[in-house]
Amino acid sequence: MSIVIKNGRVIDPSTNTDRVADVLIVDGRIAGVAPNLSSPKAEVYDATGMVVAPGFIDMHVHLREPGQEHKETVATGTAAAVAGGFTAVACMPNTIPVNDNAGVTRFILTKAAEASLARVYPIGAVSRGQQGEQLADIAELKEAGCVAVTDDGRPVATALLMRRALEYTSMYDMPVIEHCEEQTLKGDGVAHEGFHASALGLRGIPAEAESIMALRDIALAELTRGALHIAHMSARQTLDAVRWGKSRGANVTCEVTPHHFVLTDAMLGAPTAYDTNVKMNPPLREAADRDAMLAGLADGSVDVIATDHAPHHYDEKRVEFDHAPFGITGLETAVSLCFDRLVHTGVVSLSRLIELLTVNPARVLRVNGGSLSEGAPADISILAPDMTVTVSAAAMRSKSRNTPFDGWTLRGGVAATVVGGRSVYVDKNAMLGHCG
């Protein structure tokens, strides 16, 4: 089976490609990128005015299955992913039971194969049961299909455990992904420690709770030569720590979420006071932190944009702010937020945005993707940079609706998503022409 995507602006940072060209797909792989391509009996799609990019990879997603299927399943999560332009997601291990053994990893991969939508890369736990006491069997997790390890939802509990994790994963060329949070500083905090939390009587979480842990882990990455990835960075002090680590040659990378480069803790106030859909961990920070994340995206200090898609059931979020779980959905809003707040405002170029969502996460996770080079899997995100998108929580494919962006109108979106040469999502409003 062959497909030709014609006349699109092909942008592939992995090969420094940025030109109008056709993309030929044969038997699920890229067979060529050049003008005027054709193939006998090929399906032809006209992507004039659109951007054709390597498939987007979201390296920080909570699919909730097994054990929390009332929030999300692998099937609904990957449906949300392809609707959001993502051809692959990496899922966190804080399921029930925790993904700390081969059995859970294989269960997730089986569910992903049954759904047959986005690719799923499981991430295993650093410690057994994510209890922070004993290392999980990382060799077993790697063999079963895990691409990284993390105790996300909480930090790696002790410096010694983190040292051992970095040493162990180095033998298998896997990164340790860290949720940076000094637990005694966080305490019972539920929002960023600052004016807005104080005005509402909410317990605060200082930015230093994140940056102190980041400094610890970066120092250990330098000591061990292990690969460390800082998840969902939110504080400007943490960005400074990452830059310091990189300047010293530490193998450290980092990611930022759309909500941390778009929103601030001012969202805690009216008219959204006590709205649990602005409660996430790490919390929304002050404007100086948001602006620092934008600067890091622009200057290359930030390696990856990831969503930290964290679905929760409506009833779980419809409680007092203190008692609601942390987290928001992100798979179906990320690309439009990136276009609207990064590309169309001139913060980053379109090529840089695609780099942050393709080749860079593939490099961090050591997975085969993020490229349209000949022979690569035909995972493609087709983008409509000027499409008007109105976010509708009710229309989302995710099982949960906990987003602070409901009703927002944004410029730029996803026209279609192709995984392994199969069209798994097409936006009916994007005007992607099917020529036969």
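Mentor: Ground rules: residues are numbered from 1 along each chain as its sequence is written. In this predicted model local features need pLDDT of at least 70, side-chain atom pairs count only at pLDDT 80 or more, and totals for chains, interfaces and linings use all residues, while side-chain values use heavy atoms, without hydrogens and water.

Trainee: Why are α1 and α2 called oblique to each other?

Mentor: The axes of α1 (residues 74-83) and α2 (residues 102-115) cross at roughly 55°. Under 35 degrees counts as roughly parallel, over 145 as roughly antiparallel, 65 to 115 as roughly perpendicular and the rest as oblique. So α1 and α2 are oblique.

Trainee: Which residues of α1 and α2 meet?

Mentor: Val-74, Ala-75 and Thr-78 in α1 meet Ile-108, Lys-111, Ala-112 and Ala-115 in α2, where contact means heavy atoms within 4.5 Å.

Trainee: What makes helix α12 largely enclosed?

Mentor: Buried means under 20% relative accessible area (1.4 Å probe, protein chains only), with exposed over 50% and partly exposed in between. Nine of the ten residues of α12 (residues 334-343) are buried, so the rest of the structure largely encloses that helix. Among them are Phe-339 and Asp-340.

Trainee: How do you know that β11 and β14 pair?

Mentor: Two strands pair if DSSP finds at least two bridges between them. β11 (residues 176-178) and β14 (residues 228-230) have three bridges, in the parallel sense. Ile-177 stands opposite His-229 in β14.

Trainee: And what order do the six strands of the open sheet take?

Mentor: They run β9-β10-β11-β14-β15-β16, with parallel pairing. β9 and β16 each have a single partner strand, so one side of each is left without a neighbour in the sheet.

Methods:
Helices (H or I, at least four residues) and strands (E, at least two) are DSSP runs, numbered from the N terminus. Axes are lines fitted to C-alpha atoms, for helices over the stretch in contact, and angles run from 0 to 180 degrees between N-to-C directions.
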